[in-house]
Amino acid sequence: MKPLAALLVSSLHIHCLCLLLRGALATAPAPGAHYKYNATVYNVSAARCAGCVGGGDGTAAGSALGGLGAWAEAVEFLYYHNAVRMARWELPLAWSPRLESYARSWAAQRRADCALRHSFPEGQFALGENIFWGGAGAAWRPGDAVKDWAAEGVDYSYAANACAPGRECGHYTQIVWRRTAYVGCARVLCDDGGVFMTCNYYPPGNVVGERPY
Ligand SMILES: *[C@@H]1O[C@H](CO)[C@@H](O)[C@H](O)[C@H]1NC(C)=O
Ligand SMILES: *[C@@H]1O[C@H](CO)[C@@H](O)[C@H](O)[C@H]1NC(C)=O
């Protein structure tokens with residue numbers, strides 16, 4: 001059996017290491033450190049995010065959610081979109097502060113109810129729009145939303161330009177819509193602890209009767 005003193009020392013040691021590590025992470029966050037990234041896609045996305053304000057909800061709590069700063073959060077939204085597009089040899093999207101500001105204002109209106117609701121009435125979309133809701137208890141991040149949308153790709157048939165029966169793939173086709181050039185997103189921490197995210201796209205995708213690419 002180990003003597004009590006030794007146990008105290010070893011647990012103290014671990015505690016100190018933790019503090020050191022946390023200090024290092026807090027002072028010098030590496031780019032994209034909070035997710036595993038492809039450096040080419042990350043660099044291209046960061047370069048298209050010059051002047052990004054960021055997709056947070058504008059509050060300290062919103063920015064701190066998942067430990068992201070506003071700029072890093074915008075780059076994360078962009079990164080996951082561009083990872084899907086660049087794998088298909090499509091041009092990467094650029095961040096639009098105007099789209100972001102539109103997305104932010106819709107996200108702010110969802111803070112109280114966290115409802116998975118579009119900002120446009122059905123059939124009257126002036127911009128492309130993908131939305132995401134995550135329940136309380138997890139720090140849902142931009143990558144969670146974009147990966148969720150992109151996962152619909154397995155249900156999309158290019159030959160038929162349609163989804164598998166009973167499936168949805170419009171979020172995916174918007175992400176890979178070739179003519180879409182700009183995106184702007186926002187994430188809000190809702191009053192009930194859930195997370196609502198919305199991305200807007202221009203030019204909008206999902207034009208009826210056209211293929212995404
Ligand atoms: C990405 O950018 C960093 C910093 O500018 C650079 O050091 C690195 O070589 C770049 N990586 C790629 C794959 O372009
Ligand atoms: C990173 O992404 C680029 C563009 O899609 C791709 O060509 C490259 O193979 C990827 N690199 C790795 C290590 O996955």
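Reply: Helices (H or I, at least four residues) and strands (E, at least two) are taken here as DSSP runs, numbered from the N terminus. The model is predicted, and so local features need pLDDT of at least 70 and side-chain atom pairs count only at pLDDT 80 or more, while totals for chains, interfaces and linings use all residues. Residues are numbered from 1 along each chain as its sequence is written, and chains are lettered from A and ligands numbered from 1 in the order in which they are written.

A residue is called buried if 20 or more other C-beta atoms, placed from the backbone, lie within 10 Å of its own, exposed if 12 or fewer do, and partly exposed in between. A nonpolar core is then a set of buried Ala, Val, Leu, Ile, Met, Phe, Trp, Tyr and Cys residues joined through C-beta atoms within 7 Å. The largest such core holds 41 residues, among which Leu 78 and Val 183 touch the most other members. At least two residues each come from helix 2, helix 4, helix 5 (97–110), strand 2 (128–134), helix 6 (142–150), helix 7 (170–175), strand 5 (182–189) and strand 6 (195–202), and helix 4 contributes the most, with eight. Beyond its neighbours within four places in sequence, Leu 78 is in contact (C-beta atoms, placed from the backbone, within 7 Å) with Ser 45, Arg 48, Cys 49, Leu 93, Trp 95 and Val 183.

Helix 6 has Pro 142, Ala 145, Val 146, Trp 149 and Ala 150 buried. These residues lie on the same side of helix 6, because they span an arc of only 125° around its axis, the arc being that of the directions from the helix axis to the C-beta atoms. The buried residues of helix 6 pack against helix 4, strand 2, helix 7, strand 5 and strand 6.

Where strands pair, DSSP finds at least two bridges between them. Four strands make an open sheet of mixed pairing, in the order 1-5-6-2; strand 1 (94–95) and strand 2 are at its edges with a single partner strand each, so one side of each has no neighbour in the sheet. Strand 5 and strand 6 pair in the antiparallel sense over eight bridges, and Arg 187 has Met 197 of strand 6 as its bridge partner.

Technical notes: Two residues are in contact if their C-beta atoms, placed from the backbone, lie within 7 Å.
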